[in-house]
Amino acid sequence: MLAVFLIVAIVGPLVAPYSPSASLSTTNGVPQPPSAAHWLGTTQIQQDVFSQLLAGGRSTILVALLAGIAATILSVVIGVWAGYMHGRLTDDFLSMLANFFLVMPALPLLIMIFGFLSPSGASNDVLIGLIIAVTGWAWGARVLRAQTLTLRARDYVESARIIGERGWRVIGFEILPNLAPIVASSFLFTVLYGVGTYTALAFLGLVNPEHWSWGAMLFQAQNADAELSGYWWWYIPPGLAVAFLGTSLTLLNFGIDEFINPRLRAAGVTRRQARKSGGQALPRRFELGLTPVVRARTAPGTAASTAGISTAGISTAGISTASAGTGAPDRTQEQTS
């Protein structure tokens, strides 16, 4: 699903049948429903909705990716360095900075910042992505700091510090590789945050409406009362695009969580592993507090040998019991038992 959206972001504006800003008619002021000429209908000024959807995907995904990359870099630098410098003034300052941005309301701050942007600045995807990243790095920094605190006390980290390795090398070669899955999960979460935030800002009209994005489509549909008038083809496609893009990022984040979490990793048994285990694979959902165990199926030859040994044991027990009945000492009976 995410690959489809990435392809749309790359080739969408190139394969759009019409220009998203072109008015195909200057006399008809009523949005037209989907047809063979316009797959998703037209807007109030006869702009092709399908072309706007293809063109708006590039801006939405680009801003979200830029925001995710910038916010992840900030969270790694601040969070890992603060955790490594635990107990020092640097840790206190960086933790205070992360806590400040963590409790600050992001949307009012972004509204205030975007209010000072020029129309050209409100159309710059790189600038918008960097501004959104300023408000989206704090949560990842807190998580990385907590994980770094657990890693800095490990033996291999202490050994690197004892032999005189510099701090940046200990972080880059000893601590950061063990944080790679968490960094990837934080990146996906921040990209998801960028999608929602950019769509919300565009829907509120803080982004240049002529700069096409899925939020700008929702903004224009809301201004034309498309929902009240029943023009569903104007606002449902961009809304579904945002929803499915967020769903793809969330599912990918769940997959990374199953990979880094050993308890969830056990639930991902493949069908081939299930057949090898004789249908006794781990359940997809298991009860909390119980550790599931896979028992291998016993081979037929092994089962026969085991049965023979058990029969021999029973015969020996019978002989011992018979000997006990002939008046053998009690000590012999106990030893035979």
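User: What makes a pair of side chains a salt bridge, and how many salt bridges does the structure hold?

Analyst: A salt bridge is a side-chain nitrogen of Lys or Arg within 4 Å of a carboxyl oxygen of Asp or Glu, and the structure holds 3 of them. This is a predicted model, in which local features need pLDDT of at least 70 and side-chain atom pairs count only at pLDDT 80 or more, while totals for chains, interfaces and linings use all residues. Residues are numbered from 1 along each chain as its sequence is written, and side-chain values use heavy atoms, with hydrogens and water left out.

User: Why is the pair Asp91 and Arg145 called a salt bridge, and where in the chain do the two residues lie?

Analyst: The N to O distance between the side chains of Asp91 and Arg145 is 3.0 Å, and the limit is 4 Å, so the pair qualifies. Asp91 belongs to helix α3 (residues 89-103) and Arg145 to helix α6 (residues 138-151), so that the pair, 54 residues apart, links distant parts of the chain (helices being DSSP runs of H or I of at least four residues, and strands runs of E of at least two, numbered from the N terminus).

User: Are Asp91 and Arg145 buried or exposed?

Analyst: Both Asp91 and Arg145 are buried, where buried means under 20% relative accessible area, exposed over 50%, and partly exposed in between, with a 1.4 Å probe and protein chains only.

User: Why is Arg161 called partly exposed, and which residue is its salt-bridge partner?

Analyst: Arg161 has 30% relative accessibility, and therefore counts as partly exposed. Its partner is Glu158, with the closest N and O atoms 3.8 Å apart, and Glu158, at 31%, is likewise partly exposed. Both residues lie in helix α7 (residues 155-162), 3 residues apart, about one turn of the helix. An α-helix has 3.6 residues a turn, so residues three or four places apart point the same way.

User: What makes Glu165 and Arg169 a salt bridge?

Analyst: The closest N and O atoms of Glu165 and Arg169 are 3.6 Å apart, which is within the 4 Å limit. Glu165 is partly exposed at 27%, and Arg169 is partly exposed at 31%.

User: How do you know that the length of helix α9 agrees with its number of residues?

Analyst: The expected span is 1.5 Å times one less than the number of residues; for the 24 residues of helix α9 (residues 180-203) this gives 34 Å, and the end C-alpha atoms are 34 Å apart, so the two agree. Just after α9, Gly205 takes a positive phi of about 85°.
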